[in-house]
Each structure stands twice: as C-alpha cells, then as structure tokens.
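Subject: Structure handover

Hello,

Here is the structure for you to look over. My notes come after it.

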Amino acid sequence: MTATALILAAADLFAAVLLSAVYFRRHRRRDLVVAFLGVNVGVLAVASVLGTAEVALGLGLGLFGVLSIIRLRSSEITQREVAYYFAALAIGLICGLPHTDLATPLLLVGLIVAVLAVADHPRLLARARHQTVHLDRAIADESELRAELERLLGGEVTALTVQQLDLVDDTTLVDVRYRVGAVTPRASLDSGLGTRLEATPAADRDATFADLLGGTR
C-alpha cells in the first residue's frame, strides 16, 4: 500500500470511531456501534482490494449500491440509524478506493461526519415529535380527532394521518406529527352534543384513552 492509502485508512478508522461515538452518546445502542464499525472496516477492505485489482471503478460503485440496499432484518432501526449506516458505508468506500491526492477524500469524510453530527443534534428541531397513537375510540371527525390528540400529547398537532378507523371495535390508529407546548386545548364531549374546548395545563393531561406506540414524548 502507498503512503496515501495508509493515511486514508487511518483517517477512515478515526472517522468511523468518531461517528460511532457521536451515535452512542446520543442513542446508547452498543450493538449498532459494533455494526457501524464492522460495516465500515469491511467496505474499506473490499474497496482497497478492488482498487488494487484491474477492475473498473463502476464495480466498486456497484458494490456500494448493493450493500446500501440490503435489508437489515435482525431488528428494526430508525431513519437516523439508517443514516449512520450509509455514512459508515460511504466513509469506507471513499477511503478504500485509490486516490492521487489526500485533500478531496479527507474533506469528504470530514463533511460526512460533520453533517451527521449537526443534523442529529438534539437541539435541532427539538420541539418536533412523532407518535403512532392507538385510541380506544373511533373518531371520524378530523377536528375532534385533532383536539383529542392535542389533549393527550400536550402539543400542537401539525399533521395527522388516520391509518385505521375501526367502527366495529371502536378504535382509531393515527400517525401524528406535533410540536410540544406548555398549554394545549382540551376536548371534552358533552353527551355527544359536540366538542367543548377549554385551556388545560399539560401537567393535567389524562392519557387513559390512548396507548402511545413508538417515538419519544
């Protein structure tokens, strides 16, 4: 291996460890740290072999495409974790392929790590939340459903999608995007005559009408 290849390999390992440290500090999943490092080193090794062999560069890019579309069936991962997987793959491939200079690959690797570190920062869009809510009532009216969700979640609903409305079992499954707040409108039904709204502090919410699945409150 040339001096440039050795420097890039060292930069790849440093960036992969830094990326894994950023992920673990924020999400605390040790198994995925092992996966990120393993994928990165594996791609680096394969890309290095392809770079020294007499093969077209398109084969290396094809390898990256194949690895990137593999379904990870061992456990469910979030969109954030998929981004870390792609970053580990990209860093390994960039540092494994042959280069004539160091500036471009090192700049790209640094850019990948920096973008993920900033984009996944807890303070970025900190008030935005996502929940899948299973209500024990069938609510067909969108205004009433929105008011009920705001009462339960303690925030302003910015978007909602009803995934299932079961009139037989009297349940509603809805995907909710909302923004947390201190005070939200509270909906109470007056014997089926309509919906009355009253301001209620978030601390007084009663969540007995829903099972909250997924996301973080």
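Below are the ground rules, then the helices, then a few single residues.

This is a predicted model: local features need pLDDT of at least 70, side-chain atom pairs count only at pLDDT 80 or more, and totals for chains, interfaces and linings use all residues. Residues are numbered from 1 along each chain as its sequence is written, and side-chain values use heavy atoms, with hydrogens and water left out.

Helices and strands are DSSP runs, numbered from the N terminus (helices H or I, at least four residues; strands E, at least two).

**Helix 1**

Helix 1 has 25 residues, which should span 36 Å at 1.5 Å a residue. The expected span is 1.5 Å times one less than the number of residues. The end C-alpha atoms of helix 1 are 36 Å apart, which agrees. Its buried residues include L8, A11, D12, A15, L19 and Y23. Buried means under 20% relative accessible area, exposed over 50%, and partly exposed in between (1.4 Å probe, protein chains only). L13 also lies in helix 1, but it is partly exposed, with a relative accessible area of 42%. The C-alpha atoms of L13 and L37 are separated by 8.3 Å, and the two are 24 residues apart along the chain. Just after helix 1, R28 takes a positive phi of about 60 degrees.

Axes are lines fitted to C-alpha atoms, for helices over the stretch in contact, with angles from 0 to 180 degrees between N-to-C directions. Angles under 35 degrees count as roughly parallel, over 145 as roughly antiparallel, 65 to 115 as roughly perpendicular, and the rest as oblique. Contact means heavy atoms within 4.5 Å.

The axes of helix 1 (residues 3-27) and helix 5 (residues 103-119) come within 10 Å and cross at roughly 0 degrees. The two are therefore roughly parallel. Helix 1 brings L8, A11, A15, L18, L19, V22 and R26 to the contact; helix 5 brings P105, L106, V109, V113, L116 and A117. By class, that is 12 nonpolar, no polar and 1 charged. Ala, Val, Leu, Ile, Met, Phe, Trp, Tyr, Cys and Pro count as nonpolar, Asp, Glu, Lys and Arg as charged, and the others, Gly among them, as polar.

The axes of helix 4 and helix 5 also come within 10 Å, crossing at roughly 170 degrees. This pair is therefore roughly antiparallel. A83, Y84, A87, A90, I91, I94 and C95 of helix 4 meet P105, L108, V109, I112, V113 and L116 of helix 5. The residues here are 13 nonpolar, no polar and no charged.

**Helix 6**

Helix 6 (residues 142-153) reaches 16 Å from its first C-alpha to its last, close to the 16 Å expected. Of its 12 residues, 9 are buried, so the rest of the structure largely encloses it. Among them are E144, E148, E150 and R151. D141 caps the N-terminal end: a side-chain oxygen lies 3.2 Å from the backbone nitrogen of S143. G154 follows helix 6, with a positive phi near 70 degrees.

Is E81 buried or exposed? At 6% relative accessibility, E81 counts as buried. It is found in helix 4 (residues 79-96). Leaving aside neighbours within four places in sequence, E81 is in contact with Y23, R29, L32 and F36.

D170 is found in the loop between strand 2 (155-166) and strand 3 (171-180). D170 is not a glycine, yet its phi is positive, about 60 degrees. D170 is partly exposed, at 37% relative accessible area.

Best wishes

Notes:
A polar contact is a pair of N or O atoms within 3.5 Å; within protein, one must be able to donate a hydrogen and the other to accept it, and residues adjacent in sequence count only if both atoms are side-chain atoms.
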